[in-house]
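Please work through the exercises below with the sequence and the model at hand. Each task is followed by a solution in steps.

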Amino acid sequence: MHSGILQAINGVSFAALLFLLASGFTLSFGLMRVVNMAHGAYYLFGGYIGLSITRYTGSFALGVLGGGLAVIPLGYLIDRFLIRRTGENHLAQVLLTVGIAFVLGDVALKIWGGDSLKVPTPIELRGAIELPGGIIYPAYRFVLIVFSVFVGLSLWLLYRKTQIGAVVRAGVDDREIVSAIGINIDRLFVLVSALASFLAGMAGVVGGAFLTLYPGAEWEILVYALVVVIFGGLGSLEGAMIGALIVGLLDAYGRWLLPEFSYFVLFGPMAVLLLFRPRGIFGREG
Amino acid sequence: MKVRSYGVVMALIAIAAALAAPLVADPFWMTLITQIYIYGLLALSVDLLLGHAGLYSLCQASFFAVAAYTTAILQVRYGYPTIVAAPAGLIAGTLLAVLYGSAVRTRGVYFILITIALGYIIWGAVYRWASFTGGDNGITNVPPPSVAGFSIASQTAYYYFVLTVVILCAFGYRILIRSPFGLSLRGIKGSESRMQSLGYRTTMHLYAAFVISGLIASLAGVLYVYYNRFINPVAASFQISVEVSLMAIVGGSGTIVGPFIGAGVFLGLRNWVSSFFELHTAVMGAVFIATVLWAPSGIVGLVERWRPGIGKPKDQP
């Protein structure tokens, strides 16, 4: 019973991390129709930069912020000068961004080396919290859940309740009409892609504090993020939330109950879902 | 007529050069060339979907790895002879394609993402199911293939064996893509709704193409395991799926020689660059980027464009 609850918390805290990464991915697909396979590399880069900042300044909060901010110009340049040139050709986008991810991954390996590195967390977050019922759990992961709920809520409010969000949603529905009524869609693209890069970089620092950072981590986390958006539906923020929860819980219970087959536990339901709803839970035909 | 004879001459020269290669090449080159044939075959399986059906599958390494693992496990752990183990590998890989074929219910970016995820199932299975697949270490000590007392043990003999299989496959592939089936695949790539309104069951066509592609990838997997003599989870990795699709595109998508040329360029370049430059993965990534931006129709496309005397350049979509 105890370990069942423990796994649930494990799953939810992993879901919290996945949401940070998948929300950016899904938003940039929704608006710009861009499939960015370099998103995992943004995560890794952000994580490494945040690690260096945290080591240098001793402040974890600065590391999280800096890791996220540092990826914005990188993402902007890649978006502006490389991805934009592929137009709507998803095949070209996938190949191009995989190539970018290879380059970034190799550069990161050169700078930060091949060992697995852990972003140092502040002392206050290192301890454990005792829950009612005698369950002891690392404090860091609780803070992560709270943080991610906060980010998710802010994103949701931004997306659903503000004018910028309304314009973005209109852009997701019909880009041409939005630019035809005089809205600068290009500026909107820059904004959303900056937000996506920021979220990915921040996720790297936050995730690097408990999953560690190492060469290849970018692909592992990207696949989880892909499964999240496949479950939830590409382009849907709500889908990313639900998808992250499903994936996080399936992964935690899979690892616990069937360690050798945990990938089946994760991908099996996904395959079945796709047979009946190819566009995910919240995905729309189009 | 002229174009046709040009193609035949080039094919004959290529085959003659391949036959003569063992006379001049040292073991290093023989290993590399054999590897090029095998990866070229895998790239060809990608290109049946990519170049003809317009589907971009990123789980080809799964069929490759399942075939290779099945053959290796049967041969090493259960001591079955090649005559059983190799066909079993082919069947296992193809059965996986029969199962994964349900992915053709989706199109475009969804198909790409789903095949990535499906590919990771196999990677996860071979990596984590260590009691059966050997985990990280994989399966080692695969014996050379032997049928009815004849063992193909020497490197040169295996080279010729792979070459024969590849040439036969290329001929079979040529017949396939020139058949009405191949035409209807290209029709679907051009406009699926048009083919549907003409009465074609497009999803069934794509499904069939997917399974055939899985069969070719499985064949490459069986050839690979006897060439490499061991197999580990790297064979099932996403990276392999990506690399072989790049080979198909670098060489020239929609052609038969393209994937093999692409495999040659890619593996040759990697071997060469990694001998003196530390960041060789970054160089391969740069090749990805350059190909997508400047040479989307690949080397064959570039040659077609600059080949003198033969009409107008054809625009390859």
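The exercises that follow treat cavities, a pocket, the nonpolar core and selected residues.

This is a predicted model, in which local features need pLDDT of at least 70, side-chain atom pairs count only at pLDDT 80 or more, and totals for chains, interfaces and linings use all residues. Residues are numbered from 1 along each chain as its sequence is written, chains are lettered from A and ligands numbered from 1 in the order in which they are written, and side-chain values use heavy atoms, with hydrogens and water left out.

**Exercise 1. Determine how many cavities of 30 Å³ or more there are, and describe the lining of the largest cavity.**

Step 1. On a 1 Å grid over the protein atoms alone, a cavity is a set of points where a 1.4 Å probe fits but cannot get out, and lining residues have an atom within 4 Å of a point. Grid points are joined across faces, edges and corners, and a volume is the space filled by probe spheres set on the points.

Step 2. The count is three cavities of 30 Å³ or more. The largest cavity has a volume of about 90 Å³.

Step 3. Its lining includes A:Ser28, A:Met32, A:Asn36, A:Asp79 and A:Ser193. Helices are DSSP runs (H or I, at least four residues), numbered from the N terminus. At least two lining residues each come from helix 1 (2-32), helix 2 (39-57), helix 3 (60-81) and helix 8 (185-208) of chain A. Helix 8 of chain A gives the largest share, three residues.

Step 4. Ala, Val, Leu, Ile, Met, Phe, Trp, Tyr, Cys and Pro count as nonpolar, Asp, Glu, Lys and Arg as charged, and the others, Gly among them, as polar. By these classes the lining of the largest cavity has five nonpolar, six polar and one charged residues.

**Exercise 2. Describe the largest nonpolar core and follow one of its residues to A:Thr97.**

Step 1. A nonpolar core is a set of buried Ala, Val, Leu, Ile, Met, Phe, Trp, Tyr and Cys residues joined through side-chain atoms within 4.5 Å. The largest has 196 residues, and A:Met37 and A:Phe267 have the most contacts inside it. Helix 2 (residues 27-53) of chain B gives the most to this core, with 16 residues.

Step 2. Residues up to four places away in sequence not being counted, A:Met37 touches residues of both chains, among them A:Val94, A:Thr97, A:Trp219, B:Ile116 and B:Phe238.

Step 3. A:Thr97 lies in helix 4 (residues 90-112) of chain A, and its relative accessible area is 0%, so A:Thr97 is buried. A polar atom of the A:Thr97 side chain lies 3.3 Å from the backbone oxygen of A:Val94.

**Exercise 3. Characterise the second largest pocket.**

Step 1. A pocket is an open set of grid points with protein on both sides within 12 Å along at least five of seven lines. The second largest pocket holds about 1200 Å³ of space.

Step 2. Of its 45 lining residues, A:Tyr214, A:Pro215, A:Gly216, A:Ala217 and A:Glu220 lie nearest its centre. The largest share, six residues, comes from helix 9 of chain A.

Step 3. By class, this lining has 23 nonpolar, twelve polar and ten charged residues.

**Exercise 4. Compare where A:Thr212 and B:Arg229 are found, and state phi for each.**

Step 1. A:Thr212 is in the loop between helix 8 and helix 9 of chain A. Its phi is near 65 degrees, a positive value in a residue other than glycine.

Step 2. B:Arg229 is in the loop between helix 10 (202-228) and helix 11 of chain B. Its phi is near 70 degrees, also positive in a residue other than glycine. B:Arg229 counts as partly exposed because its relative accessibility is 29%.

Note on methods. Buried means under 20% relative accessible area, exposed over 50%, partly exposed in between (1.4 Å probe, protein chains only). Contact means heavy atoms within 4.5 Å. A polar contact is a pair of N or O atoms within 3.5 Å; within protein, one must be able to donate a hydrogen and the other to accept it, and residues adjacent in sequence count only if both atoms are side-chain atoms.
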